Each structure stands twice: as C-alpha cells, then as structure tokens.
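This briefing sets out selected features of the structure shown below. It is arranged by topic, for reading alongside the sequence.

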Amino acid sequence: MNLPDLKEAKIRTKKEIKIIRDDYKVPHDMKTIGKNKKYYLKTYGCQMNVHDSENIKAILEDMSFSEAMEMEDADIILLNTCAIRENAHNKMFGFLGRVKHLKHSKPDVICGICGCMAQEESVVDDIKSKYRWVDIVFGTHNIHKLPEILKESIDNKKQEIEVYSIEGDVYEGIPIKRDSKYKAWVNIQYGCDKFCTYCIVPYTRGKQRSRMPVDIINEVKDLVNNGYKEVTLLGQNVNAYGKDLNINYTMSDLLEETAKTGIERIRFVTSHPWDFDDKMIDIIAKYDNIMPYIHLPLQSGSDRILKLMGRRYTKEKYLELFNKIKKNIPNCSITTDIIVAFPGETIEDFNDTLDVVNTCKFDSAFTFIYSPRIGTPAAKMKNDLTIEEKNDRLYKLNEVVNKYANEANQKYMGKIVKVLIEAPSEKSGKLMGYTDTMKLVNVEASEEYLGKIVDVEITDVKTWSLDGKLID
Ligand code: 5AD
Ligand code: SF4
C-alpha cells in the first residue's frame with residue numbers, strides 16, 4: 001500500500017525527470033481478465049482528466065474489457081476524480097453512494113477511484129476508514145500501473161491503494177483510445193510549479209514536467225496522418241512549457257513547430273499571464289492554423305487579492321497583456337477564469353474584478369466561489385464572508401459576464417464562419433462544432449459533414465451558442 005502525503009507532494013527537487021519510453025505492455029496474465037466483462041468510467045473535471053480517461057480506457061480494453069454505457073451493466077466501475085473545488089468532491093462521493101448501492105445486488109463489481117482526489121491524503125484516509133468496500137485507488141502518477149493494481153486487488157481480495165506523492169516522471173507510449181476522430185488532446189506538460197495559494201493542482205499533479213518536443217511533434221504528425229483536424233496542446237500552465245527541459249526551447253517554438261506539421265487547427269490550454277511572452281503573440285498571429293482563441297485566467301482584478309493568491313501579476317499587467325493580444329491577433333477571442341470571495345476579499349476588491357471584466361468584455365468566463373482546499377496556504381487564511389455575500393458576488397459577476405458573452409456572440413449574426421463539425425448535438429438534433437474563436441455552433445447538416453471544416457452562415461445568436469446554416 002502506497003499512500004499520498006501532502007508534504008511530500010509539495011517538495012520540488014533538482015532531480016532530473018525520467019522519460020520512460022518502455023514499450024507499454026499489459027502483463028500477460030492480465031490480457032484476458034476482462035473477457036466478456038465491461039467497464040464504466042466516470043470522468044470529472046478538466047481536459048487533463050478527460051485525456052487521462054482516454055488512456056485508462058485503452059488500458060482497460062487491452063485487458064479485454066469493453067465499455068458499458070450504463071454503470072449498472074459494468075463489472076468494473078472507475079471514477080476519475082477532480083479535486084479543484086469542494087463541489088467536485090461532493091459530486092464524486094454522491095456517485096460513490098450509487099456504486100455502493102449497486103454492490104449490494106452485484107457484490108463482485110470492482111470499484112476504483114483514481115485522478116486528483118486520489119492524490120489527497122484526507123480523501124484516501126476517508127476511503128481507508130469509511131469506504132472499505134472500494135477495491136482500488138490509484139493516483140495521477142501511476143495510471144500505467146492499473147493492470148498490476150487490479151491484479152493485486154483481485155488476488156488478495158482486499159482494498160489496494162497505490163498512490164505516489166513523487167514529483168513524477170514522463171511516460172511515453174501509454175495506449176490511448178481517443179473520444180473523437182477529428183480533434184485530439186495532446187499533453188505537452190504535466191504538473192505545475194506555480195503554487196497559486198488556493199490551488200491543489202501542484203500537489204495532486206506534481207512538479208512541472210514538459211514532454212520532449214520530438215515526442216509531441218511526432219504525436220501531432222501521427223494525428224495528421226490519421227485524419228485529425230485539430231489538436232489542443234494541454235498543460236496546467238502551457239506558457240511555461242520547456243522551462244524545465246534546459247534545452248532553450250519555449251512554448252512559442254513548440255507552437256511554431258506544431259503549426260508546421262500542417263494540422264488544420266491548433267489550440268492550447270491553459271495559459272498563465274505570467275509566462276505569456278511577446279514571441280508567443282507573434283507566432284499565434286503569424287500562423288493561420290493557430291486558432292485566435294486564448295483562455296487567460298484573471299482570477300481577480302484586485303492587486304491586493306492577486307498578491308494573496310500568489311499570481312505574480314497586477315491588474316495593470318494583465319490589462320497590458322490583454323490589450324497586446326487584442327491588438328496583434330485580429331479577431332482573437334479571450335476567455336477567462338475568475339474566483340470570487342477569496343479570503344479577505346472586500347467589496348472594493350470585488351469591484352476591481354468587475355472593473356476588469358467591464359474593461360475586457362470577455363467572450364466568456366468560468367466563475368467560481370473560492371473553495372478552501374486542505375493543505376494549500378489560502379485554506380489557512382481567515383475568510384469572514386457569509387454564504388449570502390459569496391453567492392451575491394458570484395451572481396453579480398455572472399450577470400456582467402453573461403452580458404458581454406451575449407454581446408460578443410451578437411457580433412457573429414449574419415457572418416460566415418469556419419466550423420469544424422464534430423458531433424451530433426445532444427440538445428438541438430443538429431450537428432455541432434466550434435468556430436476558430438471557440439464559439440459553439442449548431443448547424444443543420446447531414447452526417448456526411450462530420451469531421452469537415454465548413455463555411456457556416458450564422459442565423460441566430462444565443463448567449464452560449466450560435467445557430468447556423470451551411471454555405472455550399
Ligand atoms: N476555489 C475556487 N476556484 C478554484 N480554481 C482553482 N482552485 C480553486 C479553488 N480552490 C479555479 C481557478 C482555475 C480554475 C481551473 O479553477 O479559476 O483557473
Ligand atoms: Fe493552479 Fe495556479 Fe498552477 Fe493554474 S497556475 S494549476 S491555478 S497553481
């Protein structure tokens with residue numbers, strides 16, 4: 001049993017990161033363990049988790065399991081969890097209640113927990129004491145060990161917990177079953193060293209480890225050869241890409257090399273304003289296949305709160321960067337993340353945030369009430385705000401954010417835009433896709449257009465989506 005340890009997870013040494021390129025193989029005795037059996041994988045949280053789930057699915061299928069659409073049909077149920085806020089915790093424990101219920105009627109069902117919550121000491125302590133019936137727990141650093149962990153649990157018929165708090169290595173060649181045939185997530189970097197004071201990610205995902213450029217570019221080239229139209233380069237703080245490699249190669253170099261592979265669309269998330277340099281702006285502006293869309297988390301518009309958050313920029317610096325991007329990248333859409341009710345946030349601080357939103361008029365924003373995360377510095381800060389005040393600030397912020405999201409969308413009315421048609425839309429019965437600026441468009445079109453980048457005329461505009469018709 002290997003348990004997570006928050007203190008250990010915080011350590012950052014100069015130890016060289018290992019790149020493990022061993023040919024990934026499921027152990028021989030686990031190859032058919034899932035024959036005639038099904039798995040159900042529930043994914044919470046960010047794109048990083050969605051992408052990890054693509055690896056987990058492929059590993060399970062290498063063990064001969066097939067995917068179940070309903071939890072009730074599964075022989076193994078895995079929850080890939082998120083630790084970013086309290087409500088992500090609550091959702092996962094809520095779901096776990098349903099799994100426990102199922103276990104009463106189907107006692108042989110295996111239940112596993114992985115992802116960021118598995119890296120949290122307090123969560124694993126709870127699972128060990130109150131959720132003894134959970135069969136396996138593994139962390140973000142050892143997804144590749146799933147077959148071995150599963151085997152131990154089956155052989156020993158006891159709870160198997162295997163979570164490393166190590167800084168982490170880089171594993172190449174873990175199998176993958178991608179959710180889409182047209183757009184792909186490509187990890188460029190794991191972990192985060194920024195340690196914003198509210199954030200649990202540097203503890204759950206470990207030290208910043210960039211993949212080598214050659215591995216990333218080869219993956220993108222493979223995707224191009226397999227007909228993929230879009231890649232999203234993924235990392236917690238992509239602008240710091242390469243800084244840990246000591247090879248004098250930065251995010252702008254990577255973007256340029258990716259652009260030269262000829263892939264039709266390139267996106268990247270998430271950017272930290274601190275590492276966003278001028279060269280990057282130039283490269284994004286220079287290449288048509290780097291999409292004019294940037295997610296640029298603000299978090300707060302108050303210098304005092306930004307300092308308490310450990311964000312390393314001021315309101316003025318953020319606005320300077322924002323304006324530089326808007327000036328140099330025509331039509332660039334910019335979205336953001338904002339936290340309200342951080343410990344000690346006064347009404348003046350909150351008004352500073354509103355002020356930035358009113359200045360930037362973001363295309364859209366993800367807004368959150370601050371949620372204390374055990375072990376982070378902010379969790380020890382005093383927070384006197386009442387629930388009503390917190391909700392009130394979120395409500396006011398959302399009103400302003402929605403107004404600008406709607407205004408930004410209105411500008412598309414009657415315009416002709418390029419859309420990568422990617423899937424049937426669950427709600428509208430049409431097909432859906434995104435513009436280069438990341439606007440969701442529902443399009444009346446037949447399925448032959450799936451996977452194609454087409455011209456669409458926008459015929460109706462809503463706050464969170466656009467409707468359009470194909471232009472032949
Ligand atoms: N409370 C609320 N929001 C948080 N985020 C990260 N940590 C917390 C927290 N403890 C938000 C930030 C980040 C986004 C992914 O989640 O805005 O950019
Ligand atoms: Fe968390 Fe800050 Fe790292 Fe983003 S940059 S993952 S908010 S610590």
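Arg98 is partly exposed, with a relative accessible area of 45%, a value that lies between the cut-offs of 20% for buried and 50% for exposed. The model is a predicted one.

**Salt bridges**

- Arg98 and Glu72 join their side chains in a salt bridge, with an N to O distance of 3.7 Å. Because Glu72 belongs to the loop between β3 and β4 (76-81) and Arg98 to helix α3 (residues 86-105), this pair ties together parts that are 26 residues apart in sequence.
- Glu72 is also partly exposed, at a relative accessible area of 39%.
- Across the whole structure, a search finds 35 salt bridges. One of them links Arg205 with Asp52, whose closest N and O atoms are 2.8 Å apart. Arg205 sits in the loop between α6 (201-204) and β11 (209-210), and Asp52 sits in helix α2 (residues 47-62), so the pair connects parts that are 153 residues apart in sequence.
- Both Arg205 and Asp52 are buried.
- A further salt bridge brings together the side chains of Lys158 and Glu160 (3.6 Å, N to O). Lys158 counts as partly exposed, at 44% relative accessibility, whereas Glu160 is buried, with a relative accessible area of 5%.
- Lys57, Glu61, Glu67, Lys177 and Asp179 are joined into one network by salt bridges that share partners.

**The open sheet**

- Six strands, in the order β3-β2-β4-β5-β6-β7, make up an open sheet with parallel pairing. Strands β3 (66-67) and β7 (160-162) each have a single partner strand and stand at the edges, so one side of each is left without a neighbour in the sheet.
- The partner of β7 is strand β6 (residues 136-138), and the two pair in the parallel sense over three bridges. Within this part of the sheet, Val137 stands opposite Ile161 in β7.

**Surface lysines**

- A patch of positive charge on the surface gathers Lys326, Lys361, Lys403, Lys411 and Lys415.
- Among these, Lys326 lies in helix α11 (residues 315-328) and is partly exposed, with a relative accessible area of 32%.
- Lys382 is located in the loop between β16 (364-369) and α13 (387-410). Its relative accessibility is 65%, so Lys382 counts as exposed.
- Lys382 and Tyr370 are twelve residues apart along the chain, and their C-alpha atoms are separated by 12 Å.

How values were computed:
Residues are numbered from 1 along each chain as its sequence is written. Chains are lettered from A and ligands numbered from 1 in the order in which they are written. This is a predicted model: local features need pLDDT of at least 70, side-chain atom pairs count only at pLDDT 80 or more; totals for chains, interfaces and linings use all residues. Side-chain values use heavy atoms; hydrogens and water are left out. Patches are made of residues with over 30% relative accessible area and no salt bridge: like charges are joined within 9 Å, nonpolar side chains (Val, Leu, Ile, Met, Phe, Trp, Tyr) within 5 Å. Accessible areas come from the Shrake-Rupley method with a 1.4 Å probe; for residues, only the protein chains shown count as cover. A salt bridge is a side-chain nitrogen of Lys or Arg within 4 Å of a carboxyl oxygen of Asp or Glu. Lys and Arg count as positive and Asp and Glu as negative; His and the chain ends are not counted. The place of a charge is taken as NZ of Lys, CZ of Arg, CG of Asp or CD of Glu. Helices (H or I, at least four residues) and strands (E, at least two) are DSSP runs, numbered from the N terminus. Buried means under 20% relative accessible area, exposed over 50%, partly exposed in between (1.4 Å probe, protein chains only). Two strands pair if DSSP finds at least two bridges between them.
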